[in-house]
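Load the model in your viewer and switch to a cartoon view.

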Amino acid sequence: MIDLRSDTVTRPTAAMLAAMSTAETGDDVYGEDPTVHALEGRVAELLGHEAGLFTVSGSLANVLGVRSLVAPGQELLCEERAHVVRAELGAHAAWQGVTTRTWSDPRGHVDLDAVRRLMTPDAGPYMVSTAAVAVENTHNFAGGTVQPLAALRELRALVDPVGVRLHLDGARLWNAHVATGVALADYGRLFDTVAVCLSKGLGAPVGSVLVGSAAAMAEARVWRKRLGAGWRQAGVLAAAGLYALDHHVDRLADDHAHARLIAETVAAADPAVVDLAAVETNVVLLDVGDRAAGLVERAAAEGVLTGTVGPGLVRLITHLDVTAEDAKRAAGVLAALVRP
């Protein structure tokens, strides 16, 4: 079975498992796990920040990052399909009293005019004040699209004078970095907090890292424990993240190439189904209308697992466990299914 449902389905390689089995560990709740310390420091340095915090999931990293920027009763602005408002079960509202308003962009990009129009940093005693803007890079539900660096710089310049802060959901920031060549720190330094995932394209079994100022991460550590997410000998998992940083970043280019191969093959069968210009990284969206559920079912019957992510949209994500041969076979199956 070729599993294209998500890049979260990868399994640790033998070499990664070996690194995990020899990791030096300690109790991370006591701050005594040296491998966790090494991972947190490494990711913080890569992203141009002071400190990091290792978390069990990207959703938790986002919750903690947004919590450090937005007080209860304040609002967060983001694109309408952003993970923080669509795929985290309302956690920011349920746990933290954060409200949201959104803009819409077909590629999931930052809309500077919309942010300018929506932003009310000091709304007075009767309205909701804007505390932060969240950006997703790459944007999952828009098809793995990359945020233009120039727009992110303009966003920083827009919010700084009024005291609004920025959170980056960089679950797949590694993919944006490989696709564009933009340094991770050039992205990271534009934001007050950044969350990056280790268990998607990088292939680690568990974990994300939140980075920001040392003070913000110290506070986030307290909130992580308060939410029941402190962990003990987490160095076993942190070792997988360190291995992934050493060995699995550059190879993301292979995933991008495999996604492009699938997209082009499907487009050759039916150009209306896929927007090739939007295939920038390892995500492909197929717009098949009312055929979506049936296509997912028929593809699975032929050994290709996919999933729907919206009305009429089938999502495919390539990853570490999808070979070039797998991509070719999946492309052939999907092309046959979409052909008019």
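Predicted model: local features only at pLDDT ≥ 70, side-chain atom pairs only at ≥ 80, totals over all residues.

**Stop 1: the seven-stranded sheet**

Colour the strands in the order β2-β8-β7-β6-β5-β3-β4, which is their order across an open sheet of 7 strands with mixed pairing. Select 51-55 and 99-103 to see the edge strands, β2 and β4, each of which pairs on one side only. From one strand to the next, the twist averages 20°.

**Stop 2: β5 and β6**

Select residues 130-136 for β5 and residues 165-170 for β6; the two strands run parallel and are joined by 5 bridges. Then pick E136 on its own. Which residue is its bridge partner in β6? The partner of E136 there is D169.

**Stop 3: the largest cavity**

A search of the whole structure gives 2 cavities of 30 Å³ or more. Start with the largest, whose volume is about 40 Å³. To outline this cavity, select C78, E79, A82, W103, G108, V110, A134, V135, E136, H139 and Q147. Two elements, β3 (75-79) and β5, each give two or more residues to this lining. Which strand gives the most to the lining? That is β5, with 3 residues. Colouring the lining by class shows 6 nonpolar, 3 polar and 2 charged residues.

**Stop 4: the second largest cavity**

How many charged residues does the lining of the second largest cavity have? There are 4, alongside 3 polar and 1 nonpolar.

**Stop 5: the three-stranded sheet**

Move on to the open sheet of 3 strands, which has the order β9-β12-β11 and antiparallel pairing. Select 283-287 for β9 and 307-310 for β11: both stand at the edges with a single partner strand, so one side of each has no neighbour in the sheet. Ignoring direction, neighbouring strands of this sheet are turned by 40° against each other on average.

**Stop 6**

To end the tour, select T308 and V314, its bridge partner in β12.

Terms used: Residues numbered from 1 in each chain as written. Heavy atoms only, no water. Pairing = 2+ DSSP bridges. Helix = DSSP H or I, 4+ residues; strand = E, 2+ residues; numbered from the N terminus. Axes fitted to C-alpha atoms, helices over the stretch in contact; angles between N-to-C directions. 1 Å grid on protein atoms, 1.4 Å probe; cavity = no way out; pocket = protein on both sides within 12 Å on 5 of 7 lines; lining within 4 Å. Points joined across faces, edges and corners; volume = space filled by probe spheres on them. Nonpolar A, V, L, I, M, F, W, Y, C, P; charged D, E, K, R; others polar.
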